[in-house]
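Thanks for coming. I will take a few minutes to go through one structure, starting with its cores and then turning to the charged pairs.

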2 protein chains.
Amino acid sequence: MFINVNAHPGSKPKILGELGQLSRARVILSEFNYNRGTEIYGQAEPADYIYQVVDGAVRSHKLLSDGRRQIGAFHLPGDVFGLENGTEHRFTAEAIVDTTVTLMKRCSVEHVAESDATVALDLLNMTTINLQHAEDHMLLLGRKTSLERVAAFLLEMDGRLTAAGGVIALPMCRRDIADYLGLTLETVSRALSQLHGKGILGFLGQTQRQIMLLDRTRLADLDL
Amino acid sequence: MFINVNAHPGSKPKILGELGQLSRARVILSEFNYNRGTEIYGQAEPADYIYQVVDGAVRSHKLLSDGRRQIGAFHLPGDVFGLENGTEHRFTAEAIVDTTVTLMKRCSVEHVAESDATVALDLLNMTTINLQHAEDHMLLLGRKTSLERVAAFLLEMDGRLTAAGGVIALPMCRRDIADYLGLTLETVSRALSQLHGKGILGFLGQTQRQIMLLDRTRLADLDL
DNA sequence: CGAAGTATTGAGACGTCTCAAAATTAGTGG
DNA sequence: CCACTAATTTTGAGACGTCTCAATACTTCG
(Lines give C-alpha, C1' and ligand atoms only; values in the text may rest on other atoms or scores of the structure.)
Protein backbone atom coordinates (compact mmCIF):
# COMPACT_ATOMS: atom_id res chain seq x y z
CA MET A 1 0.00 0.00 0.00
CA PHE A 2 1.28 3.40 -1.01
CA ILE A 3 0.23 6.77 0.25
CA ASN A 4 0.99 9.37 -2.34
CA VAL A 5 3.42 11.76 -0.75
CA ASN A 6 2.49 14.45 -3.19
CA ALA A 7 -1.19 14.34 -2.37
CA HIS A 8 -0.54 16.99 0.23
CA PRO A 9 -1.62 20.58 -0.22
CA GLY A 10 1.36 22.87 -0.56
CA SER A 11 3.93 20.11 -0.82
CA LYS A 12 6.82 20.73 -3.17
CA PRO A 13 8.03 18.41 -5.90
CA LYS A 14 11.43 17.88 -4.30
CA ILE A 15 9.82 16.23 -1.32
CA LEU A 16 9.51 13.11 -3.38
CA GLY A 17 13.29 13.01 -3.35
CA GLU A 18 14.94 10.81 -0.82
CA LEU A 19 12.31 8.81 0.94
CA GLY A 20 10.57 8.58 -2.40
CA GLN A 21 13.49 6.59 -3.67
CA LEU A 22 12.95 4.11 -0.91
CA SER A 23 9.23 3.95 -1.50
CA ARG A 24 9.87 2.49 -4.89
CA ALA A 25 11.48 -0.37 -3.04
CA ARG A 26 8.08 -1.51 -1.80
CA VAL A 27 8.18 0.01 1.65
CA ILE A 28 5.14 1.45 3.33
CA LEU A 29 4.96 5.21 3.68
CA SER A 30 2.46 6.96 5.91
CA GLU A 31 1.87 10.51 7.06
CA PHE A 32 1.68 11.90 10.54
CA ASN A 33 1.18 15.28 12.16
CA TYR A 34 2.86 16.70 15.23
CA ASN A 35 1.75 19.82 17.01
CA ARG A 36 4.14 22.63 17.78
CA GLY A 37 6.42 21.66 20.64
CA THR A 38 5.61 17.96 20.53
CA GLU A 39 8.31 15.35 20.92
CA ILE A 40 8.61 13.06 17.90
CA TYR A 41 11.06 10.73 19.56
CA GLY A 42 13.39 10.85 22.54
CA GLN A 43 17.08 10.17 22.92
CA ALA A 44 17.78 6.50 23.62
CA GLU A 45 14.31 5.45 22.53
CA PRO A 46 14.16 2.55 20.08
CA ALA A 47 14.51 3.81 16.52
CA ASP A 48 11.51 2.22 14.88
CA TYR A 49 10.90 4.73 12.12
CA ILE A 50 12.65 6.90 9.57
CA TYR A 51 11.11 10.33 8.96
CA GLN A 52 10.93 12.95 6.25
CA VAL A 53 9.57 16.42 6.81
CA VAL A 54 6.72 17.30 4.47
CA ASP A 55 5.75 20.59 6.04
CA GLY A 56 6.92 22.43 9.15
CA ALA A 57 10.23 22.23 10.99
CA VAL A 58 11.92 19.87 13.45
CA ARG A 59 14.87 20.26 15.80
CA SER A 60 17.16 17.43 16.95
CA HIS A 61 19.03 17.95 20.18
CA LYS A 62 21.14 16.38 22.89
CA LEU A 63 21.01 17.38 26.55
CA LEU A 64 23.60 17.44 29.30
CA SER A 65 22.50 16.42 32.77
CA ASP A 66 22.26 20.04 33.92
CA GLY A 67 20.04 21.09 31.05
CA ARG A 68 22.56 22.53 28.62
CA ARG A 69 21.26 21.76 25.17
CA GLN A 70 22.92 21.34 21.79
CA ILE A 71 20.75 21.27 18.69
CA GLY A 72 22.52 19.20 16.09
CA ALA A 73 20.31 20.06 13.16
CA PHE A 74 17.10 21.64 12.01
CA HIS A 75 15.04 19.50 9.66
CA LEU A 76 13.08 21.40 7.04
CA PRO A 77 10.69 20.22 4.33
CA GLY A 78 12.39 17.55 2.27
CA ASP A 79 14.92 16.54 4.94
CA VAL A 80 15.20 12.96 6.13
CA PHE A 81 15.89 12.44 9.83
CA GLY A 82 15.80 9.76 12.49
CA LEU A 83 18.18 7.62 10.48
CA GLU A 84 20.14 5.60 13.02
CA ASN A 85 22.44 2.68 12.78
CA GLY A 86 22.03 1.21 16.21
CA THR A 87 18.65 0.36 17.56
CA GLU A 88 18.07 3.63 19.38
CA HIS A 89 17.93 7.34 18.62
CA ARG A 90 20.92 9.50 19.42
CA PHE A 91 18.90 12.72 19.55
CA THR A 92 15.58 13.96 20.78
CA ALA A 93 13.45 15.28 17.93
CA GLU A 94 10.70 17.86 18.47
CA ALA A 95 8.35 19.70 16.16
CA ILE A 96 9.22 23.40 16.21
CA VAL A 97 5.92 24.35 14.59
CA ASP A 98 2.97 22.22 13.54
CA THR A 99 4.64 19.66 11.34
CA THR A 100 3.70 16.94 8.88
CA VAL A 101 6.08 14.05 8.28
CA THR A 102 6.09 10.88 6.23
CA LEU A 103 7.46 7.88 8.01
CA MET A 104 8.37 4.31 7.26
CA LYS A 105 9.27 1.36 9.42
CA ARG A 106 12.99 1.14 9.89
CA CYS A 107 13.07 -2.64 10.01
CA SER A 108 11.35 -2.96 6.68
CA VAL A 109 13.78 -0.55 5.05
CA GLU A 110 16.67 -2.42 6.56
CA HIS A 111 15.26 -5.69 5.42
CA VAL A 112 15.08 -4.47 1.85
CA ALA A 113 18.55 -2.91 2.11
CA GLU A 114 20.05 -6.27 3.01
CA SER A 115 19.38 -7.62 -0.44
CA ASP A 116 19.04 -4.48 -2.55
CA ALA A 117 22.31 -2.57 -2.91
CA THR A 118 20.52 0.41 -4.44
CA VAL A 119 18.51 0.95 -1.28
CA ALA A 120 21.59 0.48 0.88
CA LEU A 121 23.41 3.12 -1.16
CA ASP A 122 20.43 5.46 -0.77
CA LEU A 123 20.74 5.09 2.99
CA LEU A 124 24.47 5.69 2.73
CA ASN A 125 23.81 8.85 0.76
CA MET A 126 21.39 10.24 3.33
CA THR A 127 23.76 9.42 6.17
CA THR A 128 26.63 11.10 4.38
CA ILE A 129 24.61 14.26 3.92
CA ASN A 130 24.03 14.32 7.67
CA LEU A 131 27.71 13.62 8.32
CA GLN A 132 28.81 16.43 6.04
CA HIS A 133 26.56 18.87 7.86
CA ALA A 134 27.87 17.74 11.23
CA GLU A 135 31.46 18.16 10.05
CA ASP A 136 30.84 21.71 8.91
CA HIS A 137 29.03 22.45 12.14
CA MET A 138 31.98 21.28 14.21
CA LEU A 139 34.11 23.94 12.53
CA LEU A 140 31.48 26.54 13.33
CA LEU A 141 31.12 25.47 16.96
CA GLY A 142 34.81 25.07 17.58
CA ARG A 143 36.29 28.04 15.82
CA LYS A 144 33.87 30.75 14.72
CA THR A 145 32.91 33.97 16.51
CA SER A 146 29.32 34.74 17.42
CA LEU A 147 28.93 37.05 14.43
CA GLU A 148 30.32 34.45 12.05
CA ARG A 149 28.03 31.81 13.50
CA VAL A 150 24.92 33.91 13.08
CA ALA A 151 25.96 34.89 9.55
CA ALA A 152 26.52 31.23 8.66
CA PHE A 153 23.15 30.35 10.15
CA LEU A 154 21.32 32.97 8.12
CA LEU A 155 23.01 31.84 4.93
CA GLU A 156 22.18 28.22 5.66
CA MET A 157 18.53 29.07 6.24
CA ASP A 158 18.45 31.30 3.20
CA GLY A 159 19.63 28.35 1.14
CA ARG A 160 17.20 25.88 2.65
CA LEU A 161 13.98 27.77 3.29
CA THR A 162 13.51 28.42 -0.43
CA ALA A 163 11.75 31.69 0.12
CA ALA A 164 11.96 34.19 -2.70
CA GLY A 165 14.07 37.32 -2.82
CA GLY A 166 16.22 36.65 0.19
CA VAL A 167 13.32 36.97 2.60
CA ILE A 168 13.23 34.20 5.15
CA ALA A 169 10.71 33.46 7.88
CA LEU A 170 12.49 31.58 10.60
CA PRO A 171 10.36 28.90 12.23
CA MET A 172 12.56 28.68 15.31
CA CYS A 173 12.96 31.03 18.26
CA ARG A 174 16.15 32.73 19.46
CA ARG A 175 16.80 30.06 22.05
CA ASP A 176 16.73 27.37 19.37
CA ILE A 177 19.12 29.35 17.22
CA ALA A 178 21.38 29.88 20.22
CA ASP A 179 21.41 26.19 21.11
CA TYR A 180 22.16 25.37 17.50
CA LEU A 181 25.08 27.82 17.37
CA GLY A 182 26.52 27.14 20.80
CA LEU A 183 25.64 30.64 22.06
CA THR A 184 23.12 32.26 24.39
CA LEU A 185 19.95 33.76 23.04
CA GLU A 186 21.12 37.22 24.09
CA THR A 187 24.29 36.89 22.06
CA VAL A 188 22.28 35.79 19.02
CA SER A 189 19.99 38.78 19.44
CA ARG A 190 22.96 41.13 19.72
CA ALA A 191 24.58 39.68 16.61
CA LEU A 192 21.36 40.14 14.64
CA SER A 193 21.10 43.73 15.87
CA GLN A 194 24.68 44.30 14.83
CA LEU A 195 24.01 42.97 11.33
CA HIS A 196 20.94 45.16 11.19
CA GLY A 197 22.95 48.17 12.20
CA LYS A 198 25.48 47.50 9.47
CA GLY A 199 22.72 47.38 6.89
CA ILE A 200 23.36 43.74 6.06
CA LEU A 201 20.04 42.68 7.45
CA GLY A 202 16.55 44.15 7.49
CA PHE A 203 13.46 43.23 9.45
CA LEU A 204 10.13 43.09 7.69
CA GLY A 205 6.84 44.36 8.99
CA GLN A 206 5.65 43.62 12.46
CA THR A 207 6.03 39.88 12.34
CA GLN A 208 8.60 38.59 14.78
CA ARG A 209 10.76 36.29 12.82
CA GLN A 210 10.57 37.74 9.35
CA ILE A 211 14.06 38.61 8.32
CA MET A 212 15.15 40.12 5.07
CA LEU A 213 18.66 39.49 3.89
CA LEU A 214 19.82 42.70 2.31
CA ASP A 215 23.34 41.81 1.41
CA ARG A 216 24.18 38.17 1.01
CA THR A 217 27.63 39.00 -0.29
CA ARG A 218 28.58 40.77 2.91
CA LEU A 219 27.01 38.00 4.95
CA ALA A 220 29.14 35.48 3.11
CA ASP A 221 32.21 37.56 3.90
CA LEU A 222 31.39 37.16 7.58
CA ASP A 223 30.91 33.42 7.22
CA LEU A 224 34.62 32.64 7.07
CA MET B 1 46.00 -9.84 -5.18
CA PHE B 2 45.77 -9.62 -1.41
CA ILE B 3 48.24 -8.21 1.00
CA ASN B 4 47.69 -9.76 4.39
CA VAL B 5 46.85 -6.94 6.72
CA ASN B 6 47.95 -8.97 9.68
CA ALA B 7 51.43 -9.55 8.32
CA HIS B 8 52.50 -6.47 10.20
CA PRO B 9 54.57 -6.61 13.36
CA GLY B 10 52.64 -5.39 16.35
CA SER B 11 49.32 -5.18 14.58
CA LYS B 12 46.30 -6.17 16.61
CA PRO B 13 43.63 -8.67 15.59
CA LYS B 14 40.89 -6.05 15.48
CA ILE B 15 42.61 -4.27 12.62
CA LEU B 16 41.21 -6.91 10.35
CA GLY B 17 37.81 -5.50 11.24
CA GLU B 18 36.28 -3.04 8.90
CA LEU B 19 38.40 -2.81 5.82
CA GLY B 20 38.97 -6.50 6.19
CA GLN B 21 35.28 -7.03 5.56
CA LEU B 22 35.62 -5.20 2.31
CA SER B 23 38.73 -7.10 1.34
CA ARG B 24 36.71 -10.26 1.24
CA ALA B 25 34.74 -8.57 -1.50
CA ARG B 26 37.71 -8.92 -3.84
CA VAL B 27 39.10 -5.42 -3.51
CA ILE B 28 42.81 -4.71 -3.57
CA LEU B 29 44.43 -3.68 -0.29
CA SER B 30 47.89 -2.24 -0.08
CA GLU B 31 50.02 -0.70 2.63
CA PHE B 32 51.66 2.68 2.75
CA ASN B 33 53.79 4.64 5.20
CA TYR B 34 53.64 8.33 6.00
CA ASN B 35 56.26 10.16 7.99
CA ARG B 36 55.35 12.28 10.97
CA GLY B 37 53.76 15.54 9.84
CA THR B 38 53.12 14.40 6.26
CA GLU B 39 49.88 15.23 4.48
CA ILE B 40 47.95 12.13 3.43
CA TYR B 41 45.39 14.07 1.45
CA GLY B 42 44.19 17.65 1.28
CA GLN B 43 40.77 19.20 1.56
CA ALA B 44 39.00 19.37 -1.82
CA GLU B 45 41.41 16.89 -3.38
CA PRO B 46 39.83 14.03 -5.31
CA ALA B 47 38.97 11.18 -2.98
CA ASP B 48 40.62 8.28 -4.72
CA TYR B 49 41.31 6.05 -1.75
CA ILE B 50 39.83 4.81 1.50
CA TYR B 51 42.26 4.37 4.37
CA GLN B 52 42.61 2.36 7.56
CA VAL B 53 45.24 3.06 10.18
CA VAL B 54 47.44 0.07 10.92
CA ASP B 55 49.92 1.81 13.16
CA GLY B 56 50.42 5.42 14.21
CA ALA B 57 47.91 8.26 14.35
CA VAL B 58 46.24 10.65 11.91
CA ARG B 59 44.41 13.95 12.34
CA SER B 60 41.66 15.25 10.03
CA HIS B 61 41.07 18.99 10.02
CA LYS B 62 39.37 21.90 8.32
CA LEU B 63 40.87 25.39 8.06
CA LEU B 64 39.34 28.85 7.98
CA SER B 65 40.90 31.40 5.67
CA ASP B 66 42.76 33.08 8.55
CA GLY B 67 44.32 29.87 9.79
CA ARG B 68 41.92 28.87 12.54
CA ARG B 69 41.84 25.10 12.54
CA GLN B 70 39.29 22.54 13.68
CA ILE B 71 40.34 18.93 13.97
CA GLY B 72 37.28 16.79 13.37
CA ALA B 73 38.76 13.49 14.46
CA PHE B 74 41.87 11.58 15.37
CA HIS B 75 42.27 8.27 13.58
CA LEU B 76 43.98 5.55 15.59
CA PRO B 77 44.93 1.98 14.71
CA GLY B 78 41.87 0.19 13.37
CA ASP B 79 40.00 3.33 12.32
CA VAL B 80 38.79 3.81 8.77
CA PHE B 81 39.03 7.31 7.35
CA GLY B 82 38.86 9.16 4.06
CA LEU B 83 35.40 7.80 3.40
CA GLU B 84 33.64 10.42 1.29
CA ASN B 85 30.47 10.44 -0.67
CA GLY B 86 31.25 13.13 -3.18
CA THR B 87 34.34 12.96 -5.29
CA GLU B 88 36.53 15.04 -3.04
CA HIS B 89 37.79 15.04 0.53
CA ARG B 90 36.13 17.29 3.06
CA PHE B 91 39.13 17.32 5.41
CA THR B 92 42.88 17.47 5.25
CA ALA B 93 44.46 14.37 6.77
CA GLU B 94 47.98 14.37 8.19
CA ALA B 95 50.10 11.77 9.94
CA ILE B 96 50.69 12.88 13.54
CA VAL B 97 53.51 10.38 13.99
CA ASP B 98 55.07 7.92 11.57
CA THR B 99 52.05 6.03 10.38
CA THR B 100 51.22 2.92 8.40
CA VAL B 101 47.88 2.66 6.62
CA THR B 102 46.18 0.16 4.37
CA LEU B 103 44.36 1.70 1.47
CA MET B 104 42.06 0.62 -1.30
CA LYS B 105 40.80 2.32 -4.41
CA ARG B 106 37.53 4.07 -3.75
CA CYS B 107 36.13 3.45 -7.20
CA SER B 108 36.63 -0.29 -6.92
CA VAL B 109 34.89 -0.39 -3.54
CA GLU B 110 32.05 1.65 -4.92
CA HIS B 111 31.80 -0.54 -7.93
CA VAL B 112 31.43 -3.61 -5.76
CA ALA B 113 28.96 -1.81 -3.48
CA GLU B 114 26.66 -1.11 -6.39
CA SER B 115 25.83 -4.77 -6.74
CA ASP B 116 26.68 -6.19 -3.32
CA ALA B 117 24.35 -4.94 -0.59
CA THR B 118 26.60 -6.39 2.11
CA VAL B 119 29.46 -4.13 1.08
CA ALA B 120 27.15 -1.15 0.81
CA LEU B 121 25.92 -1.81 4.34
CA ASP B 122 29.52 -2.07 5.55
CA LEU B 123 30.15 1.39 4.12
CA LEU B 124 26.98 2.63 5.77
CA ASN B 125 28.16 1.24 9.08
CA MET B 126 31.51 2.98 8.89
CA THR B 127 29.91 6.25 7.89
CA THR B 128 27.46 6.01 10.75
CA ILE B 129 30.29 5.49 13.23
CA ASN B 130 31.85 8.70 11.96
CA LEU B 131 28.50 10.50 12.13
CA GLN B 132 27.92 9.37 15.69
CA HIS B 133 31.31 10.69 16.73
CA ALA B 134 30.66 14.02 15.02
CA GLU B 135 27.30 14.33 16.76
CA ASP B 136 28.83 13.77 20.17
CA HIS B 137 31.60 16.20 19.35
CA MET B 138 29.11 18.93 18.45
CA LEU B 139 27.72 18.71 21.98
CA LEU B 140 31.22 19.00 23.38
CA LEU B 141 32.16 21.95 21.19
CA GLY B 142 28.90 23.79 21.64
CA ARG B 143 28.18 23.31 25.30
CA LYS B 144 31.01 21.96 27.45
CA THR B 145 33.52 23.88 29.55
CA SER B 146 37.24 23.55 28.98
CA LEU B 147 37.60 21.16 31.90
CA GLU B 148 34.77 18.98 30.64
CA ARG B 149 36.25 18.95 27.15
CA VAL B 150 39.65 17.84 28.34
CA ALA B 151 38.12 15.20 30.62
CA ALA B 152 36.05 13.88 27.71
CA PHE B 153 39.12 13.84 25.52
CA LEU B 154 41.15 11.83 28.03
CA LEU B 155 38.34 9.34 28.46
CA GLU B 156 37.98 8.98 24.70
CA MET B 157 41.69 8.35 24.30
CA ASP B 158 41.72 5.99 27.25
CA GLY B 159 39.03 3.98 25.53
CA ARG B 160 40.69 3.97 22.14
CA LEU B 161 44.40 3.72 22.79
CA THR B 162 43.95 0.29 24.35
CA ALA B 163 46.79 0.71 26.77
CA ALA B 164 46.45 -1.24 29.97
CA GLY B 165 45.57 0.10 33.38
CA GLY B 166 44.50 3.59 32.48
CA VAL B 167 47.93 4.59 31.25
CA ILE B 168 47.85 6.35 27.93
CA ALA B 169 50.60 7.79 25.72
CA LEU B 170 49.13 10.55 23.63
CA PRO B 171 50.53 10.73 20.11
CA MET B 172 49.36 14.32 19.53
CA CYS B 173 50.69 17.61 20.85
CA ARG B 174 48.82 20.21 22.91
CA ARG B 175 47.98 22.27 19.85
CA ASP B 176 46.31 19.28 18.20
CA ILE B 177 44.31 18.58 21.33
CA ALA B 178 43.33 22.23 21.51
CA ASP B 179 42.21 22.33 17.88
CA TYR B 180 40.24 19.17 18.45
CA LEU B 181 38.50 20.60 21.52
CA GLY B 182 37.93 24.13 20.22
CA LEU B 183 40.32 25.63 22.81
CA THR B 184 43.81 27.14 22.87
CA LEU B 185 46.78 25.03 23.79
CA GLU B 186 47.28 27.11 26.93
CA THR B 187 43.77 26.36 28.11
CA VAL B 188 44.33 22.65 27.50
CA SER B 189 47.55 22.79 29.47
CA ARG B 190 45.84 24.60 32.33
CA ALA B 191 43.03 22.06 32.42
CA LEU B 192 45.50 19.19 32.55
CA SER B 193 47.38 20.92 35.37
CA GLN B 194 44.11 21.40 37.19
CA LEU B 195 43.26 17.71 36.87
CA HIS B 196 46.75 16.88 38.05
CA GLY B 197 46.34 19.15 41.05
CA LYS B 198 43.10 17.43 41.98
CA GLY B 199 44.80 14.06 41.85
CA ILE B 200 42.63 12.86 39.00
CA LEU B 201 45.59 12.68 36.68
CA GLY B 202 49.18 11.65 37.13
CA PHE B 203 52.16 12.06 34.83
CA LEU B 204 54.56 9.21 34.27
CA GLY B 205 58.32 9.39 33.96
CA GLN B 206 60.15 12.02 32.03
CA THR B 207 58.51 11.48 28.67
CA GLN B 208 56.50 14.45 27.54
CA ARG B 209 53.17 12.99 26.61
CA GLN B 210 53.05 10.05 28.92
CA ILE B 211 50.00 10.51 31.03
CA MET B 212 48.64 8.21 33.62
CA LEU B 213 44.95 8.31 34.35
CA LEU B 214 44.49 7.89 38.05
CA ASP B 215 40.79 8.11 38.45
CA ARG B 216 38.52 7.32 35.55
CA THR B 217 35.46 7.56 37.74
CA ARG B 218 36.16 11.14 38.71
CA LEU B 219 37.04 11.96 35.11
CA ALA B 220 33.70 10.58 34.01
CA ASP B 221 31.99 12.82 36.56
CA LEU B 222 33.56 15.80 34.84
CA ASP B 223 32.49 14.59 31.42
CA LEU B 224 28.88 15.65 31.80
C1' DC C 1 75.96 20.15 25.88
C1' DG C 2 73.51 23.38 23.04
C1' DA C 3 69.59 24.45 20.12
C1' DA C 4 64.98 23.89 18.66
C1' DG C 5 60.69 22.54 19.66
C1' DT C 6 57.06 21.88 23.09
C1' DA C 7 54.74 22.61 27.45
C1' DT C 8 53.69 25.29 31.58
C1' DT C 9 52.57 29.33 34.02
C1' DG C 10 51.35 34.19 34.71
C1' DA C 11 48.94 38.70 33.89
C1' DG C 12 45.88 41.33 31.51
C1' DA C 13 42.50 41.80 27.45
C1' DC C 14 38.48 40.50 25.28
C1' DG C 15 34.23 38.10 24.07
C1' DT C 16 30.53 35.80 25.61
C1' DC C 17 27.55 34.81 29.54
C1' DT C 18 24.57 36.06 33.43
C1' DC C 19 21.22 38.67 35.45
C1' DA C 20 17.87 42.25 35.07
C1' DA C 21 14.76 45.49 32.95
C1' DA C 22 12.29 47.33 29.11
C1' DA C 23 10.16 46.69 24.62
C1' DT C 24 7.84 44.07 21.40
C1' DT C 25 5.02 40.31 19.77
C1' DA C 26 1.73 36.52 20.22
C1' DG C 27 -2.19 34.46 22.26
C1' DT C 28 -6.86 34.67 24.60
C1' DG C 29 -11.28 36.00 25.87
C1' DG C 30 -14.48 39.64 25.96
C1' DC D 1 -11.39 44.18 17.01
C1' DC D 2 -9.61 45.50 21.40
C1' DA D 3 -7.74 44.74 26.00
C1' DC D 4 -5.11 41.98 28.77
C1' DT D 5 -1.67 38.60 29.74
C1' DA D 6 1.98 35.57 28.62
C1' DA D 7 5.84 34.75 25.91
C1' DT D 8 9.61 36.32 23.31
C1' DT D 9 13.03 39.62 21.99
C1' DT D 10 16.01 43.42 22.73
C1' DT D 11 19.12 46.07 25.38
C1' DG D 12 22.12 47.19 29.29
C1' DA D 13 25.73 46.49 32.93
C1' DG D 14 28.75 43.71 35.18
C1' DA D 15 30.83 38.90 35.94
C1' DC D 16 33.37 35.19 34.30
C1' DG D 17 35.94 32.07 31.34
C1' DT D 18 38.85 31.66 27.75
C1' DC D 19 42.25 33.95 24.80
C1' DT D 20 46.43 36.63 23.94
C1' DC D 21 50.93 37.75 24.79
C1' DA D 22 55.09 36.91 27.30
C1' DA D 23 58.35 34.58 30.13
C1' DT D 24 60.07 30.34 32.00
C1' DA D 25 60.69 25.38 32.16
C1' DC D 26 61.10 21.14 30.12
C1' DT D 27 61.96 17.62 26.42
C1' DT D 28 64.04 16.00 22.32
C1' DC D 29 67.61 15.54 19.24
C1' DG D 30 71.81 16.52 16.99
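The largest nonpolar core here has 72 residues, and A:Phe153, A:Leu154, B:Phe153 and B:Leu154 have the most contacts inside it. By nonpolar core I mean a set of buried Ala, Val, Leu, Ile, Met, Phe, Trp, Tyr and Cys residues joined through side-chain atoms within 4.5 Å. Buried is under 20% relative accessible area, exposed is over 50%, and partly exposed is in between, with a 1.4 Å probe and protein chains only. Helix H4 of chain A, residues 146-160, gives the largest share of this core, 8 residues. Helices are DSSP runs of H or I with at least four residues, strands are runs of E with at least two, and both are numbered from the N terminus.

Before going on, the ground rules. This is a predicted model, in which local features need pLDDT of at least 70 and side-chain atom pairs count only at pLDDT 80 or more, while totals for chains, interfaces and linings use all residues. Residues are numbered from 1 along each chain as its sequence is written, chains are lettered from A and ligands numbered from 1 in the order in which they are written, and side-chain values use heavy atoms, with hydrogens and water left out.

What does A:Leu154 contact, leaving aside neighbours within four places in sequence? The partners are A:Ile168, A:Leu192, A:Leu195, A:Leu201, A:Ile211, A:Leu213 and A:Leu219, where contact means heavy atoms within 4.5 Å. There is also a second, separate core of 28 residues, which includes A:Leu29, B:Val80, B:Met104 and B:Leu124.

Now the charges. Side chains of opposite charge can pair when their charged atoms come close. I count a salt bridge when a side-chain nitrogen of Lys or Arg is within 4 Å of a carboxyl oxygen of Asp or Glu.

B:Lys62 is buried at 6% relative accessible area, whereas A:Asp136 is partly exposed at 43%.

Next, B:Arg69 and B:Asp179 form a salt bridge at 2.6 Å, N to O. B:Arg69 sits in strand S5 of chain B, residues 69-75, and B:Asp179 in helix H5 of chain B, so the pair ties together parts that are 110 residues apart in sequence. Both B:Arg69 and B:Asp179 are buried.

B:Glu156 and B:Arg160 meet at 2.7 Å, N to O; they lie 4 residues apart in helix H4 of chain B, about one turn. B:Arg160 is partly exposed, at 23%.

There is also a salt-bridge network that links A:Arg59, A:Arg69, A:Glu94, A:Asp176, A:Asp179 and B:Arg143.

In chain B, B:Arg59 lies in strand S4 and is buried, at 12% relative accessible area. Which residues does B:Arg59 touch, not counting those up to four places away in sequence? Among them are B:Arg69, B:Glu94, B:Ile96 and B:Asp176. The C-alpha atoms of B:Arg59 and B:Ile96 are 6.5 Å apart, although 37 residues separate the two along the chain.

That is the last residue on my list; I will take questions now.
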